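Here are my notes on the two ligand sites you asked me to look over. Have the model open while you read.

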Number of protein chains: 8
Amino acid sequence: QRTGDPEVVYGAGKTAEQTIGLLRALTEAHPDRPALATRLSAESLATVRAAFPEATVDDVAGAIAVGPMPTPVGLVCVVAAGTSDASVAAEATFTAQAFGAGVRKIVDVGVAGLHRLMDVKDQLDEADCLIVIAGMEGALPSVVGGLTGVPLVAVPTSVGYGASFGGVAALLAMLNSCAPGVVVTNIDNGFGAGVFAARVARRAGKPA
Amino acid sequence: QRTGDPEVVYGAGKTAEQTIGLLRALTEAHPDRPALATRLSAESLATVRAAFPEATVDDVAGAIAVGPMPTPVGLVCVVAAGTSDASVAAEATFTAQAFGAGVRKIVDVGVAGLHRLMDVKDQLDEADCLIVIAGMEGALPSVVGGLTGVPLVAVPTSVGYGASFGGVAALLAMLNSCAPGVVVTNIDNGFGAGVFAARVARRAGKPA
Amino acid sequence: QRTGDPEVVYGAGKTAEQTIGLLRALTEAHPDRPALATRLSAESLATVRAAFPEATVDDVAGAIAVGPMPTPVGLVCVVAAGTSDASVAAEATFTAQAFGAGVRKIVDVGVAGLHRLMDVKDQLDEADCLIVIAGMEGALPSVVGGLTGVPLVAVPTSVGYGASFGGVAALLAMLNSCAPGVVVTNIDNGFGAGVFAARVARRAGKPA
Amino acid sequence: QRTGDPEVVYGAGKTAEQTIGLLRALTEAHPDRPALATRLSAESLATVRAAFPEATVDDVAGAIAVGPMPTPVGLVCVVAAGTSDASVAAEATFTAQAFGAGVRKIVDVGVAGLHRLMDVKDQLDEADCLIVIAGMEGALPSVVGGLTGVPLVAVPTSVGYGASFGGVAALLAMLNSCAPGVVVTNIDNGFGAGVFAARVARRAGKPA
Amino acid sequence: QRTGDPEVVYGAGKTAEQTIGLLRALTEAHPDRPALATRLSAESLATVRAAFPEATVDDVAGAIAVGPMPTPVGLVCVVAAGTSDASVAAEATFTAQAFGAGVRKIVDVGVAGLHRLMDVKDQLDEADCLIVIAGMEGALPSVVGGLTGVPLVAVPTSVGYGASFGGVAALLAMLNSCAPGVVVTNIDNGFGAGVFAARVARRAGKPA
Amino acid sequence: QRTGDPEVVYGAGKTAEQTIGLLRALTEAHPDRPALATRLSAESLATVRAAFPEATVDDVAGAIAVGPMPTPVGLVCVVAAGTSDASVAAEATFTAQAFGAGVRKIVDVGVAGLHRLMDVKDQLDEADCLIVIAGMEGALPSVVGGLTGVPLVAVPTSVGYGASFGGVAALLAMLNSCAPGVVVTNIDNGFGAGVFAARVARRAGKPA
Amino acid sequence: QRTGDPEVVYGAGKTAEQTIGLLRALTEAHPDRPALATRLSAESLATVRAAFPEATVDDVAGAIAVGPMPTPVGLVCVVAAGTSDASVAAEATFTAQAFGAGVRKIVDVGVAGLHRLMDVKDQLDEADCLIVIAGMEGALPSVVGGLTGVPLVAVPTSVGYGASFGGVAALLAMLNSCAPGVVVTNIDNGFGAGVFAARVARRAGKPA
Amino acid sequence: QRTGDPEVVYGAGKTAEQTIGLLRALTEAHPDRPALATRLSAESLATVRAAFPEATVDDVAGAIAVGPMPTPVGLVCVVAAGTSDASVAAEATFTAQAFGAGVRKIVDVGVAGLHRLMDVKDQLDEADCLIVIAGMEGALPSVVGGLTGVPLVAVPTSVGYGASFGGVAALLAMLNSCAPGVVVTNIDNGFGAGVFAARVARRAGKPA
Ligand SMILES: Nc1ncnc2c1ncn2[C@@H]1O[C@H](COP(=O)(O)O)[C@@H](O)[C@H]1O
Ligand SMILES: Nc1ncnc2c1ncn2[C@@H]1O[C@H](COP(=O)(O)O)[C@@H](O)[C@H]1O
Ligand SMILES: Nc1ncnc2c1ncn2[C@@H]1O[C@H](COP(=O)(O)O)[C@@H](O)[C@H]1O
Ligand SMILES: Nc1ncnc2c1ncn2[C@@H]1O[C@H](COP(=O)(O)O)[C@@H](O)[C@H]1O
Ligand SMILES: [Mg+2]
Ligand SMILES: [Mg+2]
Ligand SMILES: [Mg+2]
Ligand SMILES: [Mg+2]
Ligand SMILES: [Mg+2]
Ligand SMILES: [Mg+2]
Ligand SMILES: [Mg+2]
Ligand SMILES: [Mg+2]
């Protein structure tokens, strides 16, 4: 692995046994860093966790990290409006930590409650990189991007119905954000946002 | 006209002469109310205006009203972020006035400048109906809808490029607004929003 | 809640227990008004209803309101063509009532039976706000909008197959309605239409 | 030509000279029937008409027929709401006549004026085939199809803006019509509707 | 029923009991003609058929007609390439018969076997109206339309995968057919094609 | 150039001077093979041709080849229905020749005239690779693919209007062809088809 | 069968019994060549295999060939990045073999590991035709096409989530490849790629 | 300006005079930092430049910066394949410099020439943030992302034709990149990428 970053198994569509085998091979090759598996179903996660009792697990994300977690460097702040986006927020958080950043989570802040958002402005400004997650109309990154100049990665989620088209409405909103300097990942891609933000934070930050 | 509302000529794709003829016929049939023409090019508008020197004209909207304007009843508030959406805001304003409502315009408020938006909250609360106009990511209606419980009509505009798809990004965002009670018109349809909001305001309001 | 409006739990994707907990918290915070939950499955609704035996329930909508319902002010008229759109019509009706409006339902009127529609014209004219619901080609709002000048909120439904694209055909038809002053909600969004129409009716109407 | 039907030159993207050459060849091969050219610009039409001074010409359609027009058999009725759809209605009419049907045109009937539509019900019932043309939300075929059992061909037009997507909204509405037995052509395809309806009318009708 | 045509229950999404109730009401109101139900699941069809032992049933279509079938007038020819489109072909056939036309079925003719198609050209020419059904690339109507001048209704089916997009590829192909006079129905809408073709055939044909 | 194939300048969006400069550099680097420029406007082509008086030019394609053309090996057959697709057919032909294949052109064969197609079956069978070009409904490759087992590259063109969506209808039809072994290029990409087919023909064929 | 190629049963949506019947009929008609069935579920495949114990079977592809496999002529090289695309790669391999080509498989080469790709360049150059399979962003064919001049068929797969839209992202990438001479099949269509590549290889190659 | 970043005028759709006025106001308010204008036509740029003779100008980007440019901190590397993407690369470069980063440009590296890309791997690794620009199939970010672990912002461009859909193909490819940690901007949005990358680089880097 050219970058020293952890290797990752994409668990969707794999059996628990396949995932265990891949994780075992990766940890043997690189015992110094975590090997991740993401997008595990609850059943898969139970089986995999039983095979690696010392692993770090996030049930909401359906993710597991086998091997030593890195010492956090720099600060990623994960911002989300509600419980519907919880699994994406968890995946982003878990990934950023496994890729070496410290993470602060700010949830329950939405565009419909501006005061609560303004109250956390200082916390946002302290971060080295923001991950802002939203479904439906995907307005949250524009509002957060208007409050702060910290690098901001927006993650659209598939939360919504009808003309949300499985996250397309939020994706388009984020790509068209009038707040300058908003960049975007694929729908529900908390993993990609976590990798990117951790790389930014590690370059910018100091060990916690 | 079953409702007492003004008749309207859609000027796009008509010659100035056709528009003049249609306006003349409408004002003769209903001398007690205005006859409107919208979406006139600058050249068409000049010719039409010369034919009706006493008409009410809005150059930004490319619209004209021939005949007596109604006494305003109730208050529509038109909200827009910037100069790019000016022609749609002007069309909405002009239409709402011709359909019998008083109109207050609040421009230069965007999601990237929340303080300015919060400063006008009282003005928003006084309205009988809001028209909120936005292009690009179309987030403004969600933010305004989180500040106030006044009925809110959102108008997406075709302002933007790339993945804005001529206003589709803003349209989808507004249809998916997490602020309850946001309703939406077609892209750039300031006219439809003006008609609707005036009807709401006339029912709710008192003569100015 | 800044507007005095009820708080609402979106039940889709929540367990009955989560919904019960949220409803309990909301009714404790605001004992003077209803707390709603919508989009509950039949199973969830049974469990939630058992927890709040005095609640108001609509089985067709899959919705429940805990706490005192408001005294209706103004009149919303909900119009739908057939039984396929029944759950959306029920959601709109239930929501408008919980948000403080009186509601009259007119069903079984479709574009294919114009006489029946014309027979109810007087009832349409008495309303303060109309909610017109249609799937497939979504023509009903245009026809109703040609009959009356009452503010009209159109709700496309996902009823249809093939090139209806889950309600997109009806949504586009409504956004392009040639009847002036038609505004539109997201596909199947009876809730949003109900909130909006109740707000309009409360401003326009007198207590029933 | 296997069917005895006229041959047709699609004029869009051809020079007047190319069109003249093709028409000349076709009339020489089949002097007993008309050779058509459609979709000619005003300039092209002027040049082509000068080359065939005895031809039948429709300026609104931009179409010309060289050679003897057939004796009309059966009755096609072309229905359209407004002037915006005039060129498509003219193309349908001209084509149906050149393909051997009698044509009656009923314009200025729209979904917003139901009384006017009902007034012409008897004329609709007398036809052997209907061609119903509409842009924007494309609701007219559903309404006409609810009034009569005559075979009905719906033609969506590209009239509209924003979310009409160049006629796609009307096309989808017509494909999803709840009136049974509505069939549809491509956007703006008055030609195809005219060919089809003439074939139906000729089989059904009696010489005028 | 203004046209004397049968009434039809759309069975998808209805319980067998609902369908039985509707059929009973319709046959009581119009004992002189069939009442249809379409799109019944195998289970529903079994229950409904048990309630009407004398009904006419098509298992492949999932359709039933209660009451006396009409004497066929005119000839509809239903053309399809393969077994994948069988249920749509059956729905078209069953509907055209219930709406009063005689029907001939020609299956197993595809664009990949031109000789077989040419062998049936005479049978195609004898029809009063053709229904041509195809999924995937939807080329069959263009090829048939090049062989004959009989009015041709094309029905796209949802058969296919990947970039067939549930029948959209076939629908677009048919709308763009270079064979003049091809008209189109919604995806899988054998019912609509059957109604339309029967109406054409009844006008054109003589009792069998 | 790793393959010995000619280098190509994509002329769209380049000035004639830029194109001349690039062609001069390429011919100096590889005097043994042609350097191509494609998609030149008529004006550009005139200027470039003047700079290389001995070049091979195709006016319909808007293409030029500077330097010695290769000795043709193998046979590509380019098949197209009509004059509308002429420029794409010319680009495919010119490219295949410059990339070293012999080319036979068969035009004026369409799905509406099957006899003409069957008459050329022997010519199709002699080819090493077919390029079949079609706009509108894009049915020609399916029909040709049913007649012969020669490798077949389908090229959709942007010819059409309305629901052809600039060639998308034809592209989808070709991707869904029921004739096995049809492969597809981008819309209007005669160049890509020519390169591919020449490579196939050169491997399969014998020097002419 | 005009080409001597095997006949193929598309097993999706057919019962095992239907498939067995069709295979039996085909092998009786052409005992000299294989009859194929593709897209069989694991259950179907078990039943079909039991009926033809000597058949050639590929479990990953869900495909079976009954009858004598042809002697391979020429070399097809199937290239894929990962295990997610395994079933498509297996279908392409199996089909190319049944259609008479020799096949070499190169898996586990992706755009993220360029060195591994470059290591196999010689193997790529030896092939008569390449099949390059990729999901998600579909970049692999462009990279391989930059390394070699061998004819290259790209197969997009439906592997991915969110804005991959079931393979559309990969399909579009491949259609727009900047490597000249890349042609494309439908999403997941390993079968079509196998047929095409075998035809190319048989013409180019020598018996193994 | 909350962040100390420059203010920017979006010049598209503004007159030169409007742009000059806005720039003058911004430079007076913040004489310590540059005021930018982007997306100026060649004519507008000439007029604006004449008004600010000391401004920094980029003709390829159509951009101007009035006032003192910041001392560069950190290193952004802008990577693009060809001349077609030059204006987007120039906009990204100019913006990143005006927002305070040092910039290195690497052009003429494409997926079709892997050796050239590998030759610059060390330069890529030295950057604090990469901006990778590509049109057509948008594969370059995946390839670069496989070579290095530096944070990577991908910018799709509208370069292409047919099924590139104005940059949508490249956008989708980048959103689905299998290289972890690729984030994306709107089509042609060099400005947004420049702002984002400069913010990352300033946090990570040391003064040049
Ligand atoms: N298979 C079908 N496809 C499309 N429309 C149908 C079908 N069967 C019935 N319909 C239509 O559905 C209407 C009845 O719908 P419903 O009242 O929901 O039973 C009929 O009047 C028909 O126009
Ligand atoms: N007509 C064409 N259609 C598609 N691609 C082309 C065409 N002509 C040239 N190309 C490609 O464009 C590349 C050159 O692009 P450029 O460097 O911008 O001139 C060539 O290597 C070809 O792969
Ligand atoms: N896996 C596959 N993908 C696409 N087309 C296939 C596949 N397998 C078979 N076919 C095609 O389907 C045809 C047979 O379809 P059917 O008659 O329904 O079995 C064959 O002639 C093939 O052209
Ligand atoms: N080239 C560009 N692309 C996208 N957004 C831009 C560009 N240039 C400026 N902007 C944004 O547009 C805003 C100014 O818009 P305006 O007020 O219309 O001049 C700035 O704050 C930037 O965020
Ligand atoms: Mg959200
Ligand atoms: Mg805006
Ligand atoms: Mg309906
Ligand atoms: Mg219309
Ligand atoms: Mg088919
Ligand atoms: Mg064609
Ligand atoms: Mg892949
Ligand atoms: Mg590129």
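1. Helices (H or I, at least four residues) and strands (E, at least two) are DSSP runs, numbered from the N terminus. This is a predicted model, where local features need pLDDT of at least 70 and side-chain atom pairs count only at pLDDT 80 or more, while totals for chains, interfaces and linings use all residues; side-chain values use heavy atoms, with hydrogens and water left out. Residues are numbered from 1 along each chain as its sequence is written, and chains are lettered from A and ligands numbered from 1 in the order in which they are written.

2. Let's start with ligand 2. The site is shared between chains because residues from F, G and H surround ligand 2.

3. A backbone N or O atom of Tyr10(F) sits 2.8 Å from an oxygen atom of the ligand. On its own, ligand 2 has 510 Å² of accessible area, and the protein covers 74% of it (Shrake-Rupley method, 1.4 Å probe; for residues, only the protein chains shown count as cover).

4. On to ligand 3. Which chains share this site? Residues from E, F and G surround ligand 3, so the site is shared between those chains. Among the neighbours are Tyr161(E), Cys178(F), Pro180(F), Lys14(G) and Arg39(G). Strand β1 (residues 7-10) of chain G makes up the largest share of the shell, with three residues.

5. What about polar contacts here? A nitrogen atom of ligand 3 is 2.9 Å from a side-chain N or O atom of Tyr161(E). Thr38(G) puts a polar side-chain atom 2.7 Å from a nitrogen atom of the ligand, and for the side chain of Glu91(G) the distance to a ligand nitrogen atom is 3.3 Å. Taken alone, ligand 3 exposes 500 Å², of which the protein buries 75%.

Terms used
A residue is near a molecule or strand if one of its heavy atoms lies within 4 Å of it. A polar contact is a pair of N or O atoms within 3.5 Å; within protein, one must be able to donate a hydrogen and the other to accept it, and residues adjacent in sequence count only if both atoms are side-chain atoms.
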